[in-house]
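Trainee: Please pick a single part of this model and go through it closely. I would like to know how it is built and what lies around it.

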Amino acid sequence: MPIAKAQPGKTLLNGADHTLIMIDHQSQMSFATKSIDATVLRNNAALVSKAAAEFKVPTILTTVAAESFSGPIYDEIQSVFPDVKPIDRTSMNTWEDQRIADRVNEIGKGRIVMAGLWTSVCIVGPALSALDQGFEVYVITDASGDITEEAHERAVQRMVQAGARPITSLQYLLELQRDWARVETYDQTVKTAVANGGAYGLGIVYAKSMFNASEGH
C-alpha cells in the first residue's frame, strides 16, 4: 500500500521550477479569436502575468510581426513586465526562433508553461517541439484561444495526447500559492484574485468585508 506524505505531487508547479512563455497576445490575432471572449482572454492573460511576476517566474514575451501586421502585445501583459522586451518573430512556431531557444537555455528550467494565440498554430508548434526535446509542457488553455471552439479543442487534445498538461489561469495562480499560510505571497495572491479572479474574487471581497475572513487561519 502507498504511504501518504504531507508533501506536494511532483507534477505540481511552483515559482522556481518553470519558464512562462506568453505568445502572440496581440490585436490582430485577437480579432479572429472566437473560442473565448476577448475581454475574458485579456483578463486571464493579466491574471497569469501577475501570478508569474508575484512568484518571480522567469517569463519570456514574444510577438509575431508586431510593427508590420499584428500590433503590440496586450498592455495587460506588458505593464506587468515593463522591463521585458517581447521577442518579435517571423516564425509561426516560437520554438524555431533561435533567440527563444537561447533564452530558454539561459533560464535553464525543464518545465515550460505557455499560453497564446492561436492555440492550433502558435501554441501547438512550440508545445510539441518542446515535448519532443524532453521538456515538460503545461498549457494555460483559458489564456489561449483560436478562430473556432473546435480549433481550440482539437489543438488542446493533440497536445494532451503528446504529453502536455492543460491548466487554467486561476488554477495557475492558486497552484503557485498552494498554502494560504504562505504570508510572503498571500496579500498579492488575494489582490490578483480579487482583480482578475471573476466570481471567486467577488467571493473574497464579500467574505473579507462581511466577516473579516482570512484563508490563512
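Mentor: What follows is a close look at helix α6, then at the sheet it packs on.

The model is predicted, so local features need pLDDT of at least 70 and side-chain atom pairs count only at pLDDT 80 or more, while totals for chains, interfaces and linings use all residues. Residues are numbered from 1 along each chain as its sequence is written, and side-chain values use heavy atoms, with hydrogens and water left out.

Helix α6 spans residues 119–132; helices (H or I, at least four residues) and strands (E, at least two) are DSSP runs, numbered from the N terminus. Ten of the 14 residues of α6 are buried, so the helix is largely enclosed by the rest of the structure. Here buried means under 20% relative accessible area, exposed means over 50%, and partly exposed is in between (1.4 Å probe, protein chains only). The buried residues are T119, C122, I123, V124, G125, P126, A127, S129, A130 and L131. Their cover includes β1 (18–23), α1 (27–31), β4, β5 and α7.

C122 gives a residue-level view of α6. C122 is buried at 5% relative accessibility. Beyond its neighbours within four places in sequence, C122 is in contact (heavy atoms within 4.5 Å) with I23, D24, M29, M92 and L117. Two of these partners have backbone features to note. L117 is joined to W118 by a cis peptide bond, with omega about -15°, and W118 lies in the loop between β4 and α6. D24 is in the loop between β1 and α1; D24 is not a glycine, yet has a positive phi of about 60°, and at 0% relative accessibility D24 counts as buried. Most residues other than glycine have a negative phi, and most peptide bonds are trans. After α6 comes G134, with a positive phi near 100°.

Strand β4 (residues 111–116) and β5 run parallel and are joined by four bridges; two strands pair if DSSP finds at least two bridges between them. Together β4, α6 and β5 make a right-handed β-α-β unit. Right-handed means that, with the strands pointing away from the viewer, the path from the first strand over the helix to the second runs clockwise.

Strand β5 (residues 136–140) is itself largely enclosed by the rest of the structure, because four of its five residues are buried. On its other pairing, β5 runs parallel to strand β6 (residues 165–167) over three bridges, and Y138 stands opposite R165 there. The chain crosses from β5 to β6 through helix α7 (residues 149–162), and this crossover is right-handed.

These strands belong to an open sheet of six, in the order β3-β2-β1-β4-β5-β6, with parallel pairing. β3 (87–89) and β6 stand at the edges with a single partner strand each, so one side of each is left without a neighbour in the sheet. Neighbouring strands are turned by 25° against each other on average, direction ignored. Further along the sheet, four bridges join β1 to β2 (residues 59–64) in the parallel sense, with I21 opposite I60. Helix α6 packs on this sheet, touching β1, β4 and β5, and its direction makes about 170° with that of β4. Helix α8 also packs on the sheet, touching β1, β4, β5 and β6, at about 155° to the direction of β1. These axes are lines fitted to C-alpha atoms, for helices over the stretch in contact, and the angles run from 0 to 180 degrees between N-to-C directions.

The largest nonpolar core has 54 residues, of which L20, M114, I140 and Y172 touch the most other members. Such a core is a set of buried Ala, Val, Leu, Ile, Met, Phe, Trp, Tyr and Cys residues joined through side-chain atoms within 4.5 Å. The contacts of L20, leaving aside neighbours within four places in sequence, include V113, I140 and Y172.

Last, Q177 is in helix α8 (residues 169–177). Q177 is buried, with a relative accessible area of 1%, and its side chain makes a polar contact of 2.9 Å with the side chain of T189. A polar contact is a pair of N or O atoms within 3.5 Å; within protein, one must be able to donate a hydrogen and the other to accept it, and residues adjacent in sequence count only if both atoms are side-chain atoms.
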